[in-house]
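Some words for how chains sit together can be checked step by step.

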Amino acid sequence: MHDTDLRESRGEERMIHKLTLQTSREGFYEITSTVSQVIRASGVTDGICVVYCPHTTAGITINENADPDVVRDMLFALSKTCPERPEFRHIEGNSSAHVKASIIGSSVTVIIENGRLLLGRWQGIYFCEFDGPRTRSYYVKVISSIHPVDC
Amino acid sequence: MHDTDLRESRGEERMIHKLTLQTSREGFYEITSTVSQVIRASGVTDGICVVYCPHTTAGITINENADPDVVRDMLFALSKTCPERPEFRHIEGNSSAHVKASIIGSSVTVIIENGRLLLGRWQGIYFCEFDGPRTRSYYVKVISSIHPVDC
Amino acid sequence: MHDTDLRESRGEERMIHKLTLQTSREGFYEITSTVSQVIRASGVTDGICVVYCPHTTAGITINENADPDVVRDMLFALSKTCPERPEFRHIEGNSSAHVKASIIGSSVTVIIENGRLLLGRWQGIYFCEFDGPRTRSYYVKVISSIHPVDC
């Protein structure tokens, strides 16, 4: 389901990783293991990474990945909290998906420690689709906090 | 509408850019082109930038900038989801604006690639006013992922 | 209420600071002064810091710290906006806390200028508990934008 397009040469910190996935109508897609692989491939041991969604009716969040009912309940709750409304004017008819995207957010930032994502015990990273089915993409950008001086 | 106060000398990565804008009662103000100019002026080609709102009744988000009805609908949806409530105690009477600010978030992080913001095709960056009219400010901080070793 | 576990030696930029706090059932706990101390101890003068929550029923936000009624009203508003619902299936019965966590967000990013957090006049950083009482932790990671070349 995921595919990696390494825009620049492997092992370079400047590299931006572009990943893609195929979505259904609505859903939370866990991308933790893909992001972990990107961190490993980057060779960065200490720093942060930004997982970024370039779409306006989808977002990125971090939540529980043990019981799949959690993200199912979250999706249901968002549909109740942010319903389509008769007053909406956007002609595509998907304004509720746009609101959900901004409420969830376009990116998450995760700390990298000893070459690994510093996630909590029950945390997973999710791509949140609010207006599929579509072919979607997301980016992973790594920022190192160690700057070797090669003199 | 925007004004730039370069706190430190131009072209320095350590520079923090402070921008200001004048707002109405409520509204989403697109700031994409201003942020893009800041990135160009910084000279940073690869990294991330943080767009930060120092106010507690306003926020920053990323969403569609093609059809202006999208952000209009989003503002309407937030007013329905986060109304003023009789149980609120904050004496200024603007607690709903504070809630909206935290739901939308105080900042966004955007990836920089080849000297440009790596935004999606339909994405724009917005300053979100929930309690104007006011003179507001926001900051742009650039973090480079390339560290030249000048030996 | 707070305790610091410095995972690596003091003054090192690569250091991740782990803080802990004891929470009640629900509440916003201001952590601004603790985060400020971490920044000072890091010795980093210019950059950003990420304040990260590794739990899935808690989050981090920035909002007003002058009138304590603001965060009280925000907590009340979130309970109205994201109530428990009979349709929820998650067996632990705390799905509303999970939704609040993702709506508020797992982290905030703050700019560092001249060795200090660049917060707005009324802004404080809050750890947001939605499913306590518990012993909770959060991380502070500092990224410098100045990279001394020691040749």
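The questions and answers that follow concern a predicted model.

Q: What makes chain B and chain C copies related as by a three-fold rotation axis?
A: Chain B is superposed on chain C by a rotation of 120°, with 0.0 Å of shift along the axis and an RMSD of 0.0 Å. The two copies are thus related as by a three-fold rotation axis.

Q: Which residue of chain B comes closest to the rotation axis?
A: That residue is B:I103, whose C-alpha lies at 3.3 Å from the axis.

Q: How do you know that chain B and chain A are in contact, and how many residues take part?
A: Contact requires heavy atoms within 4.5 Å, and 36 residues from chain B and 38 residues from chain A take part in it. Between them the two chains bury about 3,100 Å², of which 59% is on carbon and sulfur atoms.

Q: How many salt bridges are counted between chain B and chain A, and what would be needed for one?
A: A salt bridge needs a side-chain nitrogen of Lys or Arg within 4 Å of a carboxyl oxygen of Asp or Glu, and the count between chain B and chain A is zero. Polar contacts, however, are found across this interface, in 14 residue pairs with both residues at pLDDT 80 or more.

Q: Which element gives the largest share of the side of chain B that touches chain A?
A: The largest share, 10 residues, comes from α2(B). By residue type, this side of chain B divides into 18 nonpolar, nine polar and nine charged residues.

Key. Residues are numbered from 1 along each chain as its sequence is written. Chains are lettered from A and ligands numbered from 1 in the order in which they are written. This is a predicted model: local features need pLDDT of at least 70, side-chain atom pairs count only at pLDDT 80 or more; totals for chains, interfaces and linings use all residues. Side-chain values use heavy atoms; hydrogens and water are left out. Copies are superposed by least squares on the C-alpha atoms of residues with pLDDT of at least 70 in both. Buried area is the accessible area (1.4 Å probe) that two parts lose on being put together, summed over both. A polar contact is a pair of N or O atoms within 3.5 Å; within protein, one must be able to donate a hydrogen and the other to accept it, and residues adjacent in sequence count only if both atoms are side-chain atoms. Helices (H or I, at least four residues) and strands (E, at least two) are DSSP runs, numbered from the N terminus. Ala, Val, Leu, Ile, Met, Phe, Trp, Tyr, Cys and Pro count as nonpolar, Asp, Glu, Lys and Arg as charged, and the others, Gly among them, as polar.
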